[in-house]
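User: I'm new to this structure and I'd like to learn how to read its salt bridges. Can you walk me through them?

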Amino acid sequence: MPSRVGDTGGMGRSEGRAGCGTVLGTLVVVGAVIVGTVAASPQMDLVDLWTVTQVDRHDGEAGSGGEGYSFMATTSSGAPVTWGCDARIEIEVNPEGAPRGYEDPLASAVARVNEASGFTFVVAGETTDRDFDDRYRRTVLLGWADEDEVEGLAGTVAGLGGANYLQGPGGGGRAVGGSVVVDTDAGGGWFGLGGIDLEVLLVHELLHVLGLGHSEDPGQLMAAENSGQSELGEGDLAGLAALREAACS
Ligand SMILES: [Zn+2]
């Protein structure tokens, strides 16, 4: 039985998701989180006041995307919401609770995502920040937590990831921050038999951060259920290309 690796939900308050009984955990992505409105800085080349919108779709936006891929959110014109073309997306790591040696899988995941997507994630350093919801500073917080702290990690959920979006009055949107939270006891454990590969999990979650939803094609890395695939499929790559085009056109 494939393991469920892709529910989405509101981070920190999504309901725990029942596992399917296998030892593998569940990757969960979250969209953005409603907090209110924020004033965007001029450097963001946005209008003065954008509304932080919640994207609370469990698998991405239904019907969006193309063959083998979907988007987390789209603008009023149908374009995917993603990061700016030249964004330097800094990942701040809170290492509390992280498995020993997490740095290598993280570096590999970042390199793979950057090469495949054309976007630029950078591991910027460590932090003690644990605010996984309130992310508007163009950084992505990566941390480890349990279900007591982050409710969405209950059950066999292995991780949560997503971006915060600002939505403009004209219907446009842009990712301005994000977070990835990994369960400290994800599923059957990290590197042991039956455990989820941390690098694969991080690639999956970072693609959610970029704006890809789940794929209905079980052969894609962005499939909601992982059957052991570890490489990006054609649908994943097509989705990333569409994000890149939207960001840079
Ligand atoms: Zn997912």
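Analyst: Let's go through the salt bridges together. This is a predicted model, so local features need pLDDT of at least 70 and side-chain atom pairs count only at pLDDT 80 or more, while totals for chains, interfaces and linings use all residues. Residues are numbered from 1 along each chain as its sequence is written, and side-chain values use heavy atoms, with hydrogens and water left out.

User: What is a salt bridge, and how many salt bridges does the search find?

Analyst: Side chains of opposite charge can pair when their charged atoms come close. Here the term means a side-chain nitrogen of Lys or Arg within 4 Å of a carboxyl oxygen of Asp or Glu. Searching the whole structure turns up five.

User: Which residue forms a salt bridge with Glu 96?

Analyst: That's Arg 130, with the closest N and O atoms 3.7 Å apart. Both sit in loops, Glu 96 between β5 (88-94) and α1 (103-117) and Arg 130 between β6 (120-126) and β7 (139-145), so the pair ties together parts 34 residues apart in sequence. Helices (H or I, at least four residues) and strands (E, at least two) are DSSP runs, numbered from the N terminus.

User: Which residues are linked with Arg 130 in a network?

Analyst: Glu 96 and Glu 149. Arg 130 also bridges to Glu 149, the closest N and O atoms being 2.8 Å apart.

User: Is Glu 96 buried or exposed?

Analyst: Exposed, at 53% relative accessible area. Arg 130 is partly exposed at 24%, as is Glu 149 at 37%. Buried means under 20%, exposed over 50%, and partly exposed in between (1.4 Å probe, protein chains only).
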